[in-house]
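Please open the model in a viewer and keep the selection panel at hand.

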Amino acid sequence: MAVRQKLVFRFPPSLVEQPFIYHLVKDFGLMVNILRADINPKKEGRLMLELSGSEPDYRRAIDWLQKEGLQIMNLKQQIIWNEERCTQCGACSVICPSGALGLRRPEMTVSFDEDKCIVCELCLKACPARAMETLLENSE
Ligand code: SF4
Ligand code: SF4
């Protein structure tokens, strides 16, 4: 069975320069789509990836990454649209780079497609009503 999963990897300064993506592709045969990568001032890394491949390969890769000391979070529910708080101002739909947030026409109401979300968090900063929230879940 094939797996396709968006994940966030957090790793300590000692692991920031390790070639994890190379190993995911070469040793585990996974396809890797880099959604976002950054290193904070404390030199801790955060990498958002979409991994796809066979389920056994995916599970072996996750086991290996966890043994290497990476903290892995499932992205599936990370960004949440709190519709009750939303005032339909439309600010988030203008800045969302992936099209996850958009405007339905002709009603001009906001829609959220979490499958398109790349968890850039721009909408969190843009939303005056604080209707966009993050929720990280540990996976595996
Ligand atoms: S986190 Fe980024 S991609 Fe996801 S809905 Fe917000 S602005 Fe769009
Ligand atoms: S910015 Fe916030 S309040 Fe405005 S439409 Fe988006 S979620 Fe709703």
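Select strands β6 and β7, which form a hairpin with four residues between them. Within that turn, Met108 has a positive phi of about 60 degrees. β6 covers residues 101-104 and β7 residues 109-112; the two run antiparallel and are joined by four bridges. Strands here are DSSP runs of E with at least two residues, and helices are runs of H or I with at least four, numbered from the N terminus; two strands pair if DSSP finds at least two bridges between them.

The model is predicted: local features need pLDDT of at least 70, side-chain atom pairs count only at pLDDT 80 or more, and totals for chains, interfaces and linings use all residues. Residues are numbered from 1 along each chain as its sequence is written, chains are lettered from A and ligands numbered from 1 in the order in which they are written, and side-chain values use heavy atoms, with hydrogens and water left out.

Next, colour by domain: domain 1 comprises 2-74 and domain 2 comprises 79-135, with bounds taken from an automatic or database domain assignment. Their C-alpha centres lie 27 Å apart. Five residues of domain 1 and eight residues of domain 2 make the contact, defined as heavy atoms within 4.5 Å.

Between them the domains bury about 440 Å², of which 40% is on carbon and sulfur atoms; buried area is the accessible area (1.4 Å probe) that two parts lose on being put together, summed over both. On the domain 1 side, select Lys6, Leu35 and Arg36: these lose the most area to domain 2, together 70% of what that side buries.

Now show the side chains of Glu121 and Arg46, which meet in a salt bridge at 3.7 Å, N to O. The criterion is a side-chain nitrogen of Lys or Arg within 4 Å of a carboxyl oxygen of Asp or Glu. Across the interface of domain 1 and domain 2, one salt bridge is found.

Which residue forms a salt bridge with Arg4? Select Glu50, where the closest N and O atoms of the pair are 3.4 Å apart. Because Arg4 lies in strand β1 (residues 2-11) and Glu50 in strand β3, the pair ties together parts that are 46 residues apart in sequence. A search of the whole structure finds four salt bridges.
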